[in-house]
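Open your viewer and keep the sequence panel beside it.

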2 protein chains.
Amino acid sequence: MRVSPKPLLAALRGEVRPVPPIWMMRQAGRYLPEYRALRANAKTFLDLCYDPTLAAEVTLQPIRRFGFDAAILFSDILVVPDALGQSVRFVEGEGPRLPPLDELGGLAALRTGIDLERLAPVFETVARVRAALPAEVALIGFCGAPFTVATYMIAGEGTSDQAPARLAAYRDPQGFGALIDRLTEASIAYLLGQIEAGAEAVQVFDSWAGILPPQEFLRWVMEPIGRIAGAVRAAHPEVPVIGFPRGAGTLYADFAATVPVDAVGLDWTVDLAFARDEVQAQKPVQGNLDPLALLAGGEALDRSVDAILAALGAGPLVFNLGHGILPQTPIAHVQRMIDRVRSR
Amino acid sequence: MRVSPKPLLAALRGEVRPVPPIWMMRQAGRYLPEYRALRANAKTFLDLCYDPTLAAEVTLQPIRRFGFDAAILFSDILVVPDALGQSVRFVEGEGPRLPPLDELGGLAALRTGIDLERLAPVFETVARVRAALPAEVALIGFCGAPFTVATYMIAGEGTSDQAPARLAAYRDPQGFGALIDRLTEASIAYLLGQIEAGAEAVQVFDSWAGILPPQEFLRWVMEPIGRIAGAVRAAHPEVPVIGFPRGAGTLYADFAATVPVDAVGLDWTVDLAFARDEVQAQKPVQGNLDPLALLAGGEALDRSVDAILAALGAGPLVFNLGHGILPQTPIAHVQRMIDRVRSR
């Protein structure tokens, strides 16, 4: 196989790089003054996601400032329910709000297939970013995993434990399964649209995967992400898929062994020896700096970076955080992290 | 060694019981109508904790109704900061409130040793419950683990990610370590007081252990719980200590191997094969039914109970939930769970 010239894609294909490629989850976001300035011009958060000019600019901001090895499309996982007919809005400082699916009339009230026209501005953003990126920087598209997206659709908001969706899955596994199926199909169509517009890798974010017991994890996390990854691979074998089942704990090993993703995103709680022996031994890994270590800076940051490089640097690795960067993070700490990884 | 006649203590000592002993975290609580009726008579939640008559009655309620194999002292983990001089109150429907430690003046504003006089009503509750319990029912005392208690002392409340304490630990590990040390000593004195009053086993709850990366977990979870367990063992080798590092994931194996507790509490996300091979192979385990499966009832409940019995029933096991019972849980579901475990 030809080795890709882009470091991110090479690492996701299993190449061990002397210096691991680096990007950050939520790298386009509120910790950047240029983001906050631009954000003030958009009426709502969703307006920003659906405006190709603004969204492309936001996506490119961290690349210009830090020279990351990858850009990630600026968007939100909840554009999928939005394009299935469950309209989403974001309350400043609080989070997303949707009419809970039951109040809406259940699955029957939603579209069968996702409205790709509604998502056209997202695809346009992808195309613009791809055209504007430096040659060595890869563009990552993404979607939320069906389980995580379903938790918001059912609760109508983020909750501390997303119990409403978990309870629905216990009480009516068939009905919940139908929702997961709908989201799986929608996610495939959405990711293929991003890839056709120019995304060179895609990540599936399952931020709430970690609250599930193992049997439920198998059914609502591994199985749907597997179907998404399989469909992407069938249509575009050249595009690597990163699965990020945050909080999977011991189940990370099963996830890596069973789900046909190309790489596995690790959260910051994963033990590094386990990550190396049970996950990286099977697939390239991405992660997993504690966002609070980045916020803290100083020795805590240096030590955390070094530990990751020492444990995972001899295998295929994409350096990243173990979750999104926190808005209060000083920019100097981000630069310090990058310098430390690259001076390796 | 003489086999204890109480099933709970026997299981915690490693005996494999044909029917595992069973109790539930938060078994004395809001899902019980008799608790809600009694609760209405106490001015505040803390009044209830510090009233031996009421607290003993609440502790005994679930024993009378369900015949559990253990009673657990009705109290709260935050009586420890309260007895160190950081006064605690509970806001109905919201949770605990403390003046954040920094605003109070830091560690210097607290007592060096815990005020055992302030905790005398708790010890009195223990003595009353012990005297009132049926012969085969064991009495469990408890405390919060230093890390979890510290997260509330620093934030002044519960937060979604307890970031303030984690950030403090990164920024000032020495200062944070001094707080952990203070809490470790206080916890030892508090548990020894409970044991001297009649507690026959003790559990150390580290509800927030799962948010820490491995190196921090080692330092702020395993090390302090190890010191507490070691001190209890030195003074009262007959009293088993259950460690519950909720959310420890892969680190459960290290915890079981390294920390001198007698048994390990498992949360509901732990894979049962891992629990059997990596934890129960080293120590008796306790857990780990998903509280939402209990709330859901029906087939989801039966299946979840059966899976635990099938995976862990051949080794030393205390059947329990993987976290506290939820207030909305129907009483009939609790009875169904007990019947299913006992009809094994």
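Contact here means heavy atoms within 4.5 Å, and helices (H or I, at least four residues) and strands (E, at least two) are DSSP runs numbered from the N terminus. This is a predicted model, in which local features need pLDDT of at least 70 and side-chain atom pairs count only at pLDDT 80 or more, while totals for chains, interfaces and linings use all residues. Residues are numbered from 1 along each chain as its sequence is written, chains are lettered from A and ligands numbered from 1 in the order in which they are written, and side-chain values use heavy atoms, with hydrogens and water left out.

**Stop 1: helix α15 of chain B**

Select residues 298–312 of chain B, which form α15(B). The expected span of a helix is 1.5 Å times one less than its number of residues.

Now colour by accessibility, where buried means under 20% relative accessible area, exposed over 50%, and partly exposed in between (1.4 Å probe, protein chains only). Among the buried residues of α15(B) are A300(B), L301(B), S304(B), V305(B), I308(B) and L312(B). An α-helix has 3.6 residues a turn, so residues three or four places apart point the same way.

What covers the buried residues of α15(B)? The cover includes α13 (272–280), β8 (285–289), α14 (291–296), β9 (317–321) and α16 (331–342) of chain B, together with α9 (163–171) of chain A.

**Stop 2: where the chains meet**

Show both chains. On the two sides, 26 residues of chain B are in contact with 26 residues of chain A. Buried area is the accessible area (1.4 Å probe) that two parts lose on being put together, summed over both; between these chains it is about 2300 Å², with carbon and sulfur atoms giving 64%. In chain B, select Y170(B), T250(B) and L292(B): they lose the most area to chain A, together 26% of what that side buries.

Next, pick R166(A) and D290(B). They form a salt bridge (a side-chain nitrogen of Lys or Arg within 4 Å of a carboxyl oxygen of Asp or Glu), with the closest N and O atoms 2.5 Å apart. The count between the two chains is 2 salt bridges. On the chain B side, α9 (163–171), α13, α14 and α15 each give two or more residues, and α9(B) provides the largest share, 5 residues.

**Stop 3: two buried side chains in chain B**

Select D82(B) in helix α5 (residues 79–84). D82(B) counts as buried because its relative accessibility is 7%. Its side chain makes a polar contact with the side chain of R118(B) at 2.6 Å. A polar contact is a pair of N or O atoms within 3.5 Å; within protein, one must be able to donate a hydrogen and the other to accept it, and residues adjacent in sequence count only if both atoms are side-chain atoms.

Then move to Q162(B), in the loop between α8 (146–155) and α9 of chain B. At 0% relative accessibility, Q162(B) counts as buried. A polar contact of 2.8 Å links its side chain to that of T151(B).

**Stop 4: helix α10 of chain A**

Finish with residues 173–197 of chain A, the 25 residues of α10(A). After α10(A) comes G198(A), whose phi is positive, near 135°.
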